[in-house]
Amino acid sequence: MSESATLVTAEHFRYIAQRTVQEDDFLKDLRRAAKAAGIPPIAISAEQGSFLQILLRLCRAREVIEVGTLAGYSALWMARALPPGGRVRTIEVEPRHAAFAREWAAKSDAAGKIEVHLGPGQTVLAGFAADSADAAFLDADKANYGLYLKESLRIVRPGGLVLVDNAFAFGQLFDKHPSDREAPAVQAFNEVMAREKALQSIIVPIGDGCWVGVKL
Ligand code: DHB
Ligand code: MG
């Protein structure tokens with residue numbers, strides 16, 4: 001670590017969160033309803049939602065792809081940062097989750113901007129055209145992150161973004177014997193991402209660590 005770096009603590013993260021856009025009532029209701037419907041209570045934080053919106057606005061994104069819809073919480077954050085006619089194509093393998101996300105997207109203020117594609121990430125991504133997206137957000141099964149990265153590099157245009165969640169492996173990045181069965185896949189993926197020549201990338205310590213890569 002360079003001497004100019006400050007060791008960021010939980011207090012800093014609270015400080016950041018308190019100075020960031022908060023989730024609105026609709027997003028709160030969506031999370032509550034998802035939990036009540038038995039969908040795993042996993043969602044990005046509001047500060048990560050705001051961060052994604054800032055990145056999408058910076059690259060003037062119109063077309064976003066996402067792998068791992070779950071309840072559609074992050075898709076809605078992202079869709080709200082797109083101009084009229086913009087679209088998030090989000091991929092979900094679990095039919096119950098996809099149905100929930102479709103229902104909530106339809107009654108949101110971003111209705112018409114979110115397309116839920118049901119199927120395995122790899123299969124659905126293969127059907128998306130090259131250079132057809134401005135940004136990709138990967139937030140699904142970690143063992144397939146490498147495959148999703150490869151497809152994203154084909155689908156995202158030069159100058160576009162490849163964003164990947166959970167770079168800190170659920171807080172178990174440095175564990176030799178992590179309890180989470182997906183943590184080793186994240187550890188391995190991080191090395192692949194760091195070496196990927198088609199991207200200039202960095203891990204931003206927001207949420208559980210978010211890779212931000214610009215396609216060169
Ligand atoms: C968990 C969190 C995530 O962001 C994710 O993509 C998968 C799992 C978790 O906390 O278990
Ligand atoms: Mg995640």
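Predicted model: local features only at pLDDT ≥ 70, side-chain atom pairs only at ≥ 80, totals over all residues.
1. A residue is called buried when its relative accessible area is under 20%, exposed when that value is over 50%, and partly exposed in between. Because its relative accessibility is 28%, Pro 83 counts as partly exposed.

2. Leaving aside residues up to four places away in sequence, Pro 83 touches Ala 61, Arg 62 and Lys 113. Gly 68 lies 15 residues from Pro 83 along the chain, and the C-alpha atoms of the two are separated by 23 Å.

3. Val 8 is found in the segment before helix H1 (10-18), and with a relative accessibility of 42% Val 8 counts as partly exposed. Together with Phe 13, Tyr 15 and Ile 16, Val 8 makes a nonpolar surface patch of about 350 Å².

4. Helix H8, which covers residues 183-195, has 13 residues, and the distance from its first C-alpha to its last is 19 Å, close to the 18 Å expected at 1.5 Å a residue. Which residues of H8 are buried? They are Ala 183, Val 186, Phe 189, Asn 190 and Met 193. When H8 is viewed down its axis, these buried residues fall within an arc of 110°, and therefore they line one face of the helix. The elements that cover the buried residues of H8 include helix H7 (145-155) and strand S5 (156-165), as well as strand S6 (199-204) and strand S7 (210-215).

Methods: Residues numbered from 1 in each chain as written. Chains lettered and ligands numbered in written order. Heavy atoms only, no water. Patch = residues over 30% accessible without salt bridge, like charges linked within 9 Å, V, L, I, M, F, W, Y side chains within 5 Å. Areas by Shrake-Rupley, 256 points an atom, 1.4 Å probe, with all protein chains shown as cover. Salt bridge = Lys/Arg side-chain N within 4 Å of Asp/Glu carboxyl O. Helix = DSSP H or I, 4+ residues; strand = E, 2+ residues; numbered from the N terminus. Buried < 20%, exposed > 50% of the residue type's maximum accessible area, 1.4 Å probe, protein only. Expected span 1.5 Å × (residues − 1). Arc of directions from axis to C-beta. Contact = heavy atoms within 4.5 Å.
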